[in-house]
Amino acid sequence: MTRVVHRRRRGAPRGHGLLGVLLLAFLIAAPAVARRAPAPGGTAAVAVPAELVAAVTEAHLFAPLVVPARDAAGERPALSGAPGFASAVLDRVVGDEGGRRWRLSSTAPVSWVATSVARCLEGRSAGAFAAAVLRALTVAARVEAAGDATVVTFDRPVFVLPALLTYCPLVGAQGGATGAFAQATPGRLSWRSGSFDPPPLLGALEVRGDAPVSDKADVVAMGAGDDGGATLLAPWSDVVVLVQGLAARDADPFGLADPRSGRRAFAAALRADLLAAAWAGGRGGPTDALLPSGVAPARPLPVVLGAVDDARAPLTLTPVTPGAPRLPLFVRTSDPLTEGVAERLAVVLRARGTLLGLTRGEPADDASELLRWRPPTRDAALALLAFLGERPGLLRHPAVARVLDAAALLGADPAARLGAALALERALLDSRLVVPLLVVDRWISVDPDLRGVGVRDDGIPLLDGAWWGGGR
């Protein structure tokens, strides 16, 4: 072994040379380290559509019980017993062979977990979809704290409980926060310690419900995004859907019943490409599918996009009499795109001698509805069940009831569940109860100095790992 000996210069104090070298290195490296390290503190304003305010607030106040493993980013450990999922709250999830009884062990107090699971399965959480899934198949659940674990019992086999609990919020004692932020005042969340995830770097969040009308925020859902900042896209598109009640479907005001050209002529008259260009910044286009790409694979659909030869002719607004037929159409939430589609549908109907009666609010039973729908999960079967659970009128149609296979849709075999979901989608499309109109990306515009913003699968922006960089 070779040994290297450094001679000390005569008269120099012992160790001062080494100290000087270390000090010089520190002074040179310190600015570079400071530039790389996130700067804590600051406030970020988040603007989303009014109907998403509750879900965005909930996502930052409460730690999620379960997240998809691809979203964990190493911050949450894999969930034992549930491949593909991660959790900082649950240790292990074990279901019996029949899929009726599940046992959840956790790092959080069992009473908190049991209460939170019950809230999600009963529909008392803004960001949960499990209740709609169970409602579509009339599945009953019982949740109880049993010693050191939470036990969930279903009245029929359910092999997908971990997926049902995706993004389900953990609510603390007396509704206390368990996530990165706490409620300071209405619309304002402040930094808190004690989260199940790493503490946030931002000092506060302001959550507003004025997007996309106002772009005056640091994070804007469907904002203009023309300030040089980042544009984040959700993993799949929203779908603008026309749901026809039975009476409207039978009256066929849009002429969709013609098997040869009805759907194609309607699509050409609607001009979904122009609607997307005008109201969604060109981030969308026509579709024939209820399940967007990213939730369902490529598959045969009942119609082919395109136009018949004479479908591009300008629409003529024919005179109508006071006794002209009228199509009642409900819109639950209003946004510029949905409003634009409704106006175009009114023109298409008027050209066929029918008037559109638009009503804002909850649809009456078996009424027609126009909505911008986003699958809440990548699981095609659960996404469709959540859609149907919110629209019981569709469940009563024989064409839907025939393919509503609970054993397959909630089963343990992913391939069988996907096949059952595609059969269910096909039944909805073939029956003309559901008419997809266009797909539109869900995007989020972010200030160029704000780093680390994320987007959940369900399109909710996340700032629990964000920080101010750049010139801030």
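This is a predicted model: local features need pLDDT of at least 70, side-chain atom pairs count only at pLDDT 80 or more; totals for chains, interfaces and linings use all residues.
1. The largest pocket holds about 1300 Å³ of space. Of the 47 residues that line this pocket, those closest to its centre are E51, L52, R372, R374 and R442. By class, the lining is made up of 27 nonpolar, six polar and 14 charged residues.

2. As to where that lining comes from, five elements each supply at least two residues, namely the helices α2 (53-61), α5 (130-136), α10 (336-351) and α11 (380-389) together with the strand β17 (368-373). The largest share, five residues, is that of β17. In terms of domains, at least three lining residues are drawn from domain 2 (63-176), and at least three from domain 3 (238-440).

3. A search of the whole structure turns up one disulfide, formed by C120 and C168, whose sulfur atoms lie 2.0 Å apart. The link joins distant parts of the chain, since its two cysteines are 48 residues apart, with C120 placed in helix α4 (residues 110-122) and C168 in the loop between α6 (161-164) and β8 (181-185). The angle about the S-S bond is 100°, and the link of C120 and C168 is right-handed. Both C120 and C168 are buried.

4. Strand β10 (residues 204-208) pairs with strand β1 (residues 43-47) in the parallel sense, through five bridges, and in this pairing A47 stands opposite R208 of β10. Strand β10 also pairs with strand β9 (residues 188-191), here in the antiparallel sense and through three bridges, with R188 standing opposite E206 of β10. The strand β10 is therefore joined by bridges to β1, which runs parallel to it, and to β9, which runs antiparallel to it.

5. Strand β5 (residues 101-106) has two faces that can be told apart by their exposure, for W102, L104 and S106 make up a covered face, whereas R101, R103 and S105 make up an uncovered one. Five bridges join β5 to strand β4 (residues 90-95), and these two strands run antiparallel. In that pairing, V94 stands opposite R103, a residue of the uncovered face. The hairpin of β4 and β5 has five residues between its strands, and within this hairpin G99 takes a positive phi near 75°.

6. Strand β5 is also paired with strand β7 (residues 149-154), again in the antiparallel sense, over four bridges. Here L104, which belongs to the covered face of β5, stands opposite T150 in β7.

7. The C-alpha atoms of R391 and D366 are 8.2 Å apart in space, although the two residues are 25 apart in sequence.

8. Residue G323 has its place in the loop between β14 (284-286) and β15 (326-331). With a relative accessibility of 67%, G323 counts as exposed, because the cut-off for that class is over 50%. Along the chain G323 and T354 are 31 residues apart, and their C-alpha atoms are separated by 9.8 Å.

Note on methods:
Residues are numbered from 1 along each chain as its sequence is written. Side-chain values use heavy atoms; hydrogens and water are left out. On a 1 Å grid over the protein atoms alone, a cavity is a set of points where a 1.4 Å probe fits but cannot get out, and a pocket is an open set with protein on both sides within 12 Å along at least five of seven lines; lining residues have an atom within 4 Å of a point. Grid points are joined across faces, edges and corners, and a volume is the space filled by probe spheres set on the points. Ala, Val, Leu, Ile, Met, Phe, Trp, Tyr, Cys and Pro count as nonpolar, Asp, Glu, Lys and Arg as charged, and the others, Gly among them, as polar. Domain bounds come from an automatic or database domain assignment. A disulfide is a pair of cysteine sulfur atoms within 2.5 Å. Buried means under 20% relative accessible area, exposed over 50%, partly exposed in between (1.4 Å probe, protein chains only).
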